[in-house]
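Keep the viewer open and follow along.

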Amino acid sequence: MKYLLFDIDGTLIYSGGAGARALNKAFKSLYNVDEAMEVVNPHGQTDIAIVEEIFLKKLGRKPENGEVMNVLHHYVGFLREEVAKAEKYKILPFVRETLEDLKKRGKDVLMGLATGNIEEGARIKLERADLNKYFPFGGFGSDHRERWRIVQIAVEKGIQYSGIEPEEVFVIGDTPLDIAAGKKAGYRTVAVATSIYTVDELKEASPDFVLTNISEVLKVF
């Protein structure tokens with residue numbers, strides 16, 4: 001069996017800026033900080049790392065015990081509303097068709113998530129597009145601060161869920177950090193040029209495969 005571990009933002013869906021707006025609202029409500037996300041490049045980062053960076057750049061200090069998770073708790077409260085009303089929210093091209101085709105492979109393929117989003121935030125983002133049903137397990141930003149460990153945790157959860165050790169694991173994402181995490185975790189990597197990074201930029205991260213869109217994942221397998 002092959003495990004396919006998907007990133008979310010820029011790989012499966014585009015949230016229309018809902019995540020950034022929700023985090024801005026969380027920092028504004030808790031610390032009276034305006035436009036918290038303007039100091040961060042979130043692509044490929046974990047939610048925890050993003051919040052820590054905002055503390056350093058906007059508040060000039062490291063977060064104290066419990067502060068990061070408190071911010072993320074408030075963030076989730078704002079996120080559901082922001083995703084629901086995001087005019088530019090969209091499922092990316094060929095995603096639904098590709099997931100359906102992979103699902104039909106049954107015992108040959110098991111799909112999961114490997115994302116820097118905390119789990120509750122990840123599920124909210126996928127819920128609007130009705131994509132959660134394809135991913136019964138995953139590794140999330142709430143599991144660990146480091147992306148490569150999130151990937152490993154996703155595999156561990158996949159084994160717990162299925163009872164089957166994977167023959168191969170493929171980490172699928174749209175940023176160099178997604179690819180770096182998959183490689184450091186010891187798995188094969190698939191880069192998809194579906195967000196801000198070009199094929200050439202993704203090739204610099206040395207993934208096993210570089211694809212122009214998600215439908216080409218079918219050719220890999």
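Let's start in the sheet: strand β6 (residues 168–173) and β7 run parallel and are joined by 4 bridges. This is a predicted model, so please read every value below as computed from its atoms. From that strand pair we move out to the rest of the sheet, then to the helices, some individual residues and the chain as a whole.

**Strand β7 and its neighbours**

- Glycine 173 has alanine 191 of β7 as its bridge partner.
- Alanine 191 also stands opposite valine 210, which belongs to β8.
- The β7 and β8 strands are parallel, with 3 bridges joining them.
- How many of the 5 residues of strand β7 (residues 188–192) are buried? The count is 4, so β7 is largely enclosed by the rest of the structure.

- The open sheet is formed by 6 strands, and reading across it gives the order β5-β4-β1-β6-β7-β8, with parallel pairing.
- At the edges sit β5 and β8, each of which pairs on one side only.
- Strand β1 (residues 2–6) is mostly covered, with 4 of its 5 residues buried.
- β1 is joined to β4 by 5 bridges, and these two strands run parallel.
- β1 also pairs with β6 over 5 bridges, again in the parallel sense.

**Helix α5 and what covers it**

- Which residues of helix α5 (residues 119–127) are buried? They are Gly121, Ala122, Arg123, Ile124, Lys125 and Leu126.
- The cover over the buried residues of α5 includes the strands β2 and β4 (109–114), along with the helices α1 and α3 (67–85).

**Lysine 25 on helix α1**

- Lysine 25 is part of helix α1.
- With a relative accessibility of 31%, lysine 25 counts as partly exposed, because that value falls between the 20% cut-off for buried and the 50% cut-off for exposed.
- Leaving aside residues up to four places away in sequence, lysine 25 touches Phe78, Glu82 and Lys85.
- How many residues separate lysine 25 and tyrosine 75 in sequence? They are 50 residues apart, while their C-alpha atoms are 7.3 Å apart in space.

**Serine 15, a buried loop residue**

- Serine 15 sits in the loop between β2 (13–14) and α1 (18–31).
- Is serine 15 buried or exposed? Its relative accessible area is 8%, and it is buried, because buried means under 20%.
- Apart from residues up to four places away in sequence, serine 15 touches Asp9, Ala86 and Tyr89.

- For context, most residues other than glycine have a negative phi.
- Aspartate 130 is not a glycine, yet its phi is positive, at about 55°.
- Aspartate 130 is located in the loop between α5 and β5 (138–139), and its relative accessible area of 43% makes it partly exposed.
- Serine 206, also a residue other than glycine, has a positive phi near 60°.
- Where is serine 206 found? Its place is the loop between α8 (199–203) and β8 (209–211).
- Serine 206 has a relative accessible area of 46% and is partly exposed.

**The chain as a whole**

- The chain holds 9 helices and 8 strands.
- Its radius of gyration is 17 Å, close to the 17 Å given by the globule rule for 221 residues, so the chain is as compact as a globular protein of that length.
- Along the principal axes, the C-alpha atoms fill a box of roughly 50 × 35 × 35 Å.
- Of the 221 residues in the chain, 49% are buried.
- Taking contacts between residues at least 6 apart in sequence, 66% join residues at least 24 apart.
- The accessible surface of the chain is about 10200 Å², and carbon and sulfur atoms account for 48% of that.

Terms used
Residues numbered from 1 in each chain as written. Predicted model: local features only at pLDDT ≥ 70, side-chain atom pairs only at ≥ 80, totals over all residues. Heavy atoms only, no water. Rg over C-alpha atoms; globule rule 2.2 N^0.38 Å. Buried < 20%, exposed > 50% of the residue type's maximum accessible area, 1.4 Å probe, protein only. Contact = heavy atoms within 4.5 Å. Areas by Shrake-Rupley, 256 points an atom, 1.4 Å probe, with all protein chains shown as cover. Pairing = 2+ DSSP bridges.
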